Amino acid sequence: MKQCRIEREQRENLDILHLDGALDAYSFPRLEAALRALREENRNNVILDCAGLDYISSASLGALIGFARRARENGGDLKLVKLSRKIYNIVELLGFHKILEIYPDLESAVRSFAA
Amino acid sequence: MMCVVSICVFVLILFGLVFHLRRLRAEVNRLLQEKQVMVGFVHDVGEVFAGAEDVDTDLLLNRILFYALRIVRASAGAIYLFETEGGVLRARAVAGMFPPLAGSGRGMVVDAVGGGAKRLREAVLSERIKEGEGLVGEAALGRSVLVEDPERDPRIPRYSGDLLKVHTALAAPMRFHDRVIGVIVVVNRADGNVFTRSDQTLLESIAEQASVSVHFSQLREVIEQKRRIDHDLSLARRIQKSLLPAETPRIAGLELAAFNEPALEVGGDYYDFIDVEEGLLGLVVADVSGKGVSGAIIMALCRSVLRSHARHLSDPGEVLREVNRFVCRDIAEDMFISLVYAVVDTETYRVQVARAGHEKPLWYRASDGDVRVVESQGIAIGIADSRTFEEHLQRTEVQLEPGDVLVLYTDGIVEAMDRDGAEWGIQRLVETIRQSAAGGAEAVAQAVRERLQRFTAGAAKYDDITLLVLSRPV
């Protein structure tokens, strides 16, 4: 599987993580590092662009949920956009779609933060 | 008269000689002293570098830096090492008022008092420098760098305060065989002069010598870390194994079969059979998202909470709600448990199913030979508050007829991969169940296990594999 590339795009009041590849046991430390950096910089409004994501492990989902909880405590949130059918099925199976906000495109997620 | 002059000349020459002799003596003493310093240094360095096998890498780096500063008479310095991946360097030892080297230097004002030095140190330690980037990154490409005129050098950040101003700098790569493992950087000579070519040669040779010890010390660190992980894993595996049922219960009119194959990296699956009350049997299949000992402990907690509530409550939904309430308090914020819990009435063959974010059970019906998915909503345990959890939890009922089979499993089954990275997938699982269902629970478990083994032959296993099968023989 293709290792996941994580690119961070910083906007004024939020950060977007563009994911490309598979978030498995090998890429997991990279996700952890990216989330840790956001936490250390106290950046709590985060959008995860999953357009290029083709697999996500349960440990990675756990890290995302953990980040979302902390972000909410600090007045922010973590939102998911552009989930493929496969990734959405995993998220739905775990019931995470009831916990995390999911948007079809980047613009609507960005707007939701502004609201 | 001549005699007096001769005597005077003689006395003068004598004085001159004595004076010269004294100077020579002083010179000899100075040289001896210098020699002593060098001998002392060589001895110290030998000790520093020889201690690599049992000295912690950070301590070793601090000692090397201390000697490097002494030798080239620098007032501050740092040692950067490559991180394990990504071609990024991070400072592991810092001494003196050493300025952060990534960035422009603007906006950083530091005073030595009031915790300024500590903040400065932290700023240097938290920097990540890419290979090729700035002074450190350039030296990491393999050649030492001498900066004689920092004012005009783009690699040196401009700090406004005197404390952080760089007047002269020197960086040398630490190499083990052909690989650069890190960089030693020193700034500002204590005597106010600019670093010379001979300082550069000195620092190069210190870096060269130190790198062997640093390499072995890092190697030792990796081995130590691996040993700790192995210990952690074997402990986790022991806990996990002790939690699995020793045997499968025998119940008249029903057949049960189950297996669990742990992966190399313990994932955290478990299954369980629970005597709920007379005529009611509980079946559990669960997957804890955390790894290692912490995952195994949460698994143990989940199992005992579930067992204790199962004996008071016959509704599987209520049991899961209690488990969620209990586990939420203790579970780490980035961990969760996906779980399916079914309660079987051994008299009527009615099965009630509650699912908390887990793979949906599969139900083979003998009447039409079809396998259907047992649908129900539910959020994984450990992430939602009681109200949200309860709101989205559905119970489903399955009436087992003669020849029917119910299969509970973890995602390790359908996500198991072959050597080329292709997944086994739910379709193959459904097909296997359909083809083996006539033989009952044991036959289904056996068939799934065998086909999975054939499919994944030669591929690494990433996740635990767990399957539990219930059938009602004809």
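User: How many residues of chain B are in contact with chain A?
Analyst: This is a predicted model, where local features need pLDDT of at least 70, side-chain atom pairs count only at pLDDT 80 or more, and totals for chains, interfaces and linings use all residues. Residues are numbered from 1 along each chain as its sequence is written, chains are lettered from A and ligands numbered from 1 in the order written, and side-chain values use heavy atoms, leaving out hydrogens and water. Contact here means heavy atoms within 4.5 Å. On chain A's side 23 residues take part, and on chain B's side the number is 25.

User: Which residues of chain B lose the most area to chain A?
Analyst: Buried area is the accessible area (1.4 Å probe) that two parts lose on being put together, summed over both. For these two chains that comes to about 1900 Å², with carbon and sulfur atoms giving 56%. Three residues together make up 32% of what chain B's side buries, and they are B:Glu333, B:Phe336 and B:Ile383.

User: What does the side chain of A:Arg70 meet in a salt bridge?
Analyst: A salt bridge needs a side-chain nitrogen of Lys or Arg within 4 Å of a carboxyl oxygen of Asp or Glu. Across the interface of chain B and chain A there are three by that rule. For A:Arg70, the N to O distance is 3.3 Å, and the partner is B:Glu333.

User: Is A:Ala34 buried or exposed?
Analyst: A:Ala34 sits in helix α1 (residues 28-40) of chain A; helices (H or I, at least four residues) and strands (E, at least two) are DSSP runs, numbered from the N terminus. Setting aside neighbours within four places in sequence, A:Ala34 is in contact with A:Ile6 and A:Leu17. Buried means under 20% relative accessible area, exposed over 50%, and partly exposed in between (1.4 Å probe, protein chains only). A:Ala34 has 16%, so it's buried.

User: Which residues of helix α4 of chain A are buried?
Analyst: The helix covers residues 106-114. What covers its buried residues includes β2 (15-23), β3 (45-56), β4 (77-81) and β5 (101-103) of chain A. The buried ones are A:Leu106, A:Ser108, A:Ala109, A:Ser112 and A:Phe113.

User: In β9 of chain B, which residue is the bridge partner of B:Asp272?
Analyst: Two strands pair if DSSP finds at least two bridges between them. Here eight bridges join β8(B) to β9(B) (residues 280-288), and the strands run antiparallel. Strand β8 (residues 269-277) is mostly covered, with seven of its nine residues buried. The partner of B:Asp272 is B:Val284.
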